Amino acid sequence: MGKTTTVMNLAAALSRANNVLVVDVDPQQSAARWAERAGDDLPFDFAADVDPNNIMGLRDLDGYDIVPRRHAWQP
Ligand SMILES: Nc1ncnc2c1ncn2[C@@H]1O[C@H](COP(=O)(O)OP(=O)(O)OP(=O)(O)O)[C@@H](O)[C@H]1O
Ligand SMILES: [Mg+2]
């Protein structure tokens, strides 16, 4: 419990000293609703995508140092 809450608060804290991108890969999309409510006040970059093919492409992004993730789909 508290996964989404933890991710969004951790991202906000880390964004004070890092370029942070949060990607919501959970079909439930609760982080995406959170980000939508925050709008321009969200202090980090945000994307929502549940397509595994697009998510794999995130590895090639420049400008972010760490990409923690959890698989939201069955392998
Ligand atoms: N430390 C906390 N104290 C009290 N309530 C909390 C705390 N952390 C989260 N909550 C509340 O618990 C609920 C679930 O939190 P959250 O959505 O972060 O969990 P989750 O693990 O992502 O859930 P799910 O498995 O459904 O994705 C939310 O209503 C949130 O506001
Ligand atoms: Mg959640």
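Student: How far is an oxygen atom of ligand 1 from an N or O atom in the side chain of Thr5?

Tutor: This is a predicted model, in which local features need pLDDT of at least 70, side-chain atom pairs count only at pLDDT 80 or more, and totals for chains, interfaces and linings use all residues. Residues are numbered from 1 along each chain as its sequence is written, chains are lettered from A and ligands numbered from 1 in the order in which they are written, and side-chain values use heavy atoms, with hydrogens and water left out. A polar contact is a pair of N or O atoms within 3.5 Å. For the side chain of Thr5, the distance to an oxygen atom of ligand 1 is 2.5 Å.

Student: Where is Gln29 found?

Tutor: Most residues other than glycine have a negative phi. Gln29, although not a glycine, has a positive phi of about 55°. Helices (H or I, at least four residues) and strands (E, at least two) are DSSP runs, numbered from the N terminus. Gln29 lies in the loop between β1 (21-24) and α2.

Student: At roughly what angle do the axes of helix α1 and helix α2 cross?

Tutor: Axes are lines fitted to C-alpha atoms, for helices over the stretch in contact, with angles from 0 to 180 degrees between N-to-C directions. The axes of α1 (residues 3-14) and α2 (residues 30-38) come within 10 Å and cross at roughly 45°.

Conventions
Polar contact = N/O pair within 3.5 Å; in protein donor to acceptor, adjacent residues only side chain to side chain.
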